[in-house]
Amino acid sequence: MALRFFNTYSREIEEFEPRDPRARPIRMYTCGPTVYSRAHIGNFRAYIFEDLLQRHLELRGYKVNRVMNITDVEDKTIRGAREANVPLQKFTEQFKDAFFEDANTLRIKRADEYPAATDQRYIDRMIELIGALISKGLAYQADDKSVYFRINKFPDYGKLAHFDLTQLQSTGRVKHDEYDKEHIGDFALWKAWDEADGNVKWNSPWGAGRPGWHIECSAMSTALLGDQIDIHCGGVDNIFPHHEAEIAQSEGVTGKKFVHYWLHCAHLLVDGQKMAKSLGNFYTVPDVLAKGYTGRELRYALLRVHYRVPLNFTWEGMNEARESLARIDEWLARLRELTGRPRRDVRSAQQAAPASQFEDALDDDLNISAALGFLFESIRETNRAMDQNEMDAISAGAWLEWWKRINTVLDLEAETEGAIPDEVTQLAQQRENARHEKNWKRSDELRERISALGWEVRDTKDGPKLARGAGSM
Ligand code: AMP
Ligand code: ZN
């Protein structure tokens, strides 16, 4: 069955076709965290949905090149650094580390790249894009010295969100006075420096300042994935203005269709309201761990509902996740026992090799609820067969093989002894980030911390690998 996704742009389920079937891998861009505080589990619902999408594409044989940006300069990060009285980079670094730590706890597969907006090469790219937009008449510098996108000159503006231009209201992310702009919906590409920004500023042809949030993603996605990408994701709150603005900026410069498939996940709710920092109704991953739950249980709780259906977070839901995982664990233990001890007295092996319903359900716009429904139905049936002595070692082995395959998407198996401890994996990931940022001092420090825990990082041509350190058990 062909893969199908709901494309926010067309508001229709569309068959998935890579932009250029010969040009593997699939190019996927996902909006990442704004690192002004620790991400909450609502943010992680979005990242888990993206993880599911990537893993399912991979199960279906595609290679995926995924970029997730880190928004480390915008109003909130600047305000946070000022209030904490530390340089911006120092302020954001702790939340970057926390993000990777939490993503790891939730078993989210790493993206290929995590570009940070403050990296000079992306700032240069932003300046280049803004210059191109001005020369095309799509942007202008206003009296307040900031540069704005001229939405009236981009007829497709509003198409992603299905918005009428005349209905546009201020977005709240725009800092300067509205009357400096030609149209209330014009959004900032470059924000002129002011005192509140302290020493956060870069030079540009329009004076000192800093980029607007939207141009950051256009610059990083086109720099790393090219002018045209296959899939772009985020939560539904990203649709407008953020993704709408990304289309206007990227297509305004290149004249080519920026994104083929736009996928957005519904929100994680608390008592019917969006989980959000601003509402104060949020939990972080450590908050959930502190209540005695595991990362695996939280992963399951955030994963189990179709991504386009709002999901209400409750502790009851966490307990249900725990029960569901216990059923999977018991089932796997029974199957393993059966394969390990072939029995001669099996009456009839009625359990044929499992069918493809799980994968077919995911082909259908990532219908995880149906896929899990099929998994639990299979568990019920195979348990019954085992109760009645109707399953032999070969079919138990086939079910275990099947589980191994679907678990490349779910990643829900209990940790086994001898596995790399979370702390070690987290430190290794932080070291990778430090290396990416060419922060060799920090990378060496992290290597030492890993070594103190009895592990060793080996940099191979396929990336870093962890091994038991010399002299450790
Ligand atoms: P931010 O750090 O605010 O830029 O958000 C990072 C990602 O989390 C974006 O893709 C948002 O759309 C998503 N997001 C924020 N709040 C929620 C929520 N309550 N449920 C699901 N996704 C969310
Ligand atoms: Zn973005």
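Predicted model: local features only at pLDDT ≥ 70, side-chain atom pairs only at ≥ 80, totals over all residues.
Reader: Where should I start with ligand 1, and which residues come nearest?

Author: Start with the shell of residues around the ligand. Ligand 1 has 17 residues around it, and Gly-42, Asp-237, Asn-238, Leu-268 and Met-275 come nearest. By class, six residues of this shell are nonpolar, nine are polar and two are charged.

Reader: Which atoms lie 3.1 Å, 3.0 Å and 2.4 Å from an oxygen atom of ligand 1?

Author: Thr-34 has a polar side-chain atom 3.1 Å from an oxygen atom of the ligand. Gly-235 uses its backbone, with an N or O atom 3.0 Å from a ligand oxygen. For Asp-237, a side-chain N or O atom is 2.4 Å from an oxygen of ligand 1.

Reader: How much of the ligand's accessible area does the protein cover?

Author: On its own, ligand 1 has 490 Å² of accessible area, and the protein covers 93% of this. Two elements give two or more residues to the shell: helix H1 (41-59) and strand E9 (229-235). H1 supplies the largest share, four residues.

Reader: What is the idea behind a nonpolar core, and how many residues does the largest one have here?

Author: In soluble globular proteins, nonpolar side chains tend to be buried together. Here the largest nonpolar core has 127 residues, and Phe-44, Leu-57, Ile-231, Trp-331, Leu-375 and Leu-410 have the most contacts inside it. Helix H1 gives the most to this core, with 10 residues. Another core, of eight residues, lies apart from the largest one and includes Ala-428, Leu-446, Trp-455 and Val-457.

Reader: Which peptide bond is cis?

Author: Check the omega angle. The bond from Phe-240 to Pro-241 is cis, with omega near 5°. Pro-241 lies in helix H6, residues 239-254.

Reader: Where is Asn-389, and is this residue buried or exposed?

Author: Asn-389 sits in the loop between helix H11 (368-387) and helix H12 (393-410). Its phi is positive, about 60°, although Asn-389 is not a glycine. Asn-389 counts as buried because its relative accessibility is 15%, and the cut-off for buried is under 20%.

Reader: Where is Lys-438, and is this residue buried or exposed?

Author: Lys-438 lies in the loop between helix H13 (422-436) and helix H14 (440-452). Lys-438 is not a glycine either, yet has a positive phi of about 60°. With a relative accessible area of 59%, Lys-438 is exposed.

Methods:
Residues numbered from 1 in each chain as written. Chains lettered and ligands numbered in written order. Heavy atoms only, no water. Near = heavy atom within 4 Å. Polar contact = N/O pair within 3.5 Å; in protein donor to acceptor, adjacent residues only side chain to side chain. Areas by Shrake-Rupley, 256 points an atom, 1.4 Å probe, with all protein chains shown as cover. Nonpolar A, V, L, I, M, F, W, Y, C, P; charged D, E, K, R; others polar. Core = buried A, V, L, I, M, F, W, Y, C linked by side-chain atoms within 4.5 Å. Buried < 20%, exposed > 50% of the residue type's maximum accessible area, 1.4 Å probe, protein only.
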